[in-house]
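These are my notebook entries on a single model. I set down what I looked up, entry by entry.

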Amino acid sequence: MKTTVDKLAKDNLTLSKGNDALKSIVSALLEHLNNLEQHMREENLKIQGVPEHQNERLPKLLKQCASVVNCSFKGRRCCKMYQDS
């Protein structure tokens, strides 16, 4: 009976150490993921209050907005989002 308890205590200690190691890894991965997500959003720009017209070309509109504020626009990727999305 004592050997069984000792074995279970040893197994419990091993599992606890493994669990602590996994928690540390998950924490580090979450921090890395947050940094990557922040890096992806570094150059994002959100424009609100611009009237929408049929057949408008978003890249052209963004170039016009950029020229008004004396800024360059690379236009690598433009995405139109709606209020209900």
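I began with Leu22, which is found in helix H1, residues 2–40; I take helices as DSSP runs of H or I with at least four residues, numbered from the N terminus. The model is predicted, so local features need pLDDT of at least 70 and side-chain atom pairs count only at pLDDT 80 or more, whereas totals for chains, interfaces and linings use all residues. Residues are numbered from 1 along each chain as its sequence is written, and side-chain values use heavy atoms, with hydrogens and water left out.

Is Leu22 buried or exposed? I noted Leu22 as exposed because its relative accessibility is 54%; buried means under 20% relative accessible area, exposed over 50%, and partly exposed in between, with a 1.4 Å probe and protein chains only.

Next I looked up salt bridges, defined as a side-chain nitrogen of Lys or Arg within 4 Å of a carboxyl oxygen of Asp or Glu. How many does the structure hold? I found two salt bridges.

Lys2 pairs with Asp6 in a salt bridge, with 3.8 Å between the closest N and O atoms. Both Lys2 and Asp6 lie in helix H1, four residues apart, about one turn of the helix. Lys2 is exposed because its relative accessible area is 62%, while Asp6, at 43%, counts as partly exposed.

Asp11 and Lys7 form a salt bridge at 3.0 Å, N to O. Asp11 and Lys7 also both lie in H1, four residues apart, about one turn of the helix. Asp11 is partly exposed at 32% relative accessibility; Lys7 is exposed, at 52%.

I then turned to the largest pocket, which holds about 1500 Å³ of space. On a 1 Å grid over the protein atoms alone, a pocket is an open set of points with protein on both sides within 12 Å along at least five of seven lines, and lining residues have an atom within 4 Å of a point. Which residues lie nearest the centre of the largest pocket? Of its 34 lining residues, these are Leu45, Lys46, Ile47, Leu62 and Cys79. H1 and helix H2 (58–68) each supply at least two lining residues, and H2 gives the most, with five.

Leu61 lies in H2 and is partly exposed, with a relative accessible area of 21%. I recorded Leu61 and Val50 as 11 residues apart in sequence and 9.6 Å apart in space, C-alpha to C-alpha.

Last, I looked up backbone angles. Asn55, in the loop between H1 and H2, has phi near 60 degrees, a positive value in a residue other than glycine. Asn55 counts as exposed because its relative accessibility is 76%. Asn70, in the segment after H2, has a positive phi near 55 degrees. Asn70 is exposed at 73% relative accessibility.

Technical notes:
On a 1 Å grid over the protein atoms alone, a cavity is a set of points where a 1.4 Å probe fits but cannot get out, and a pocket is an open set with protein on both sides within 12 Å along at least five of seven lines; lining residues have an atom within 4 Å of a point. Grid points are joined across faces, edges and corners, and a volume is the space filled by probe spheres set on the points.
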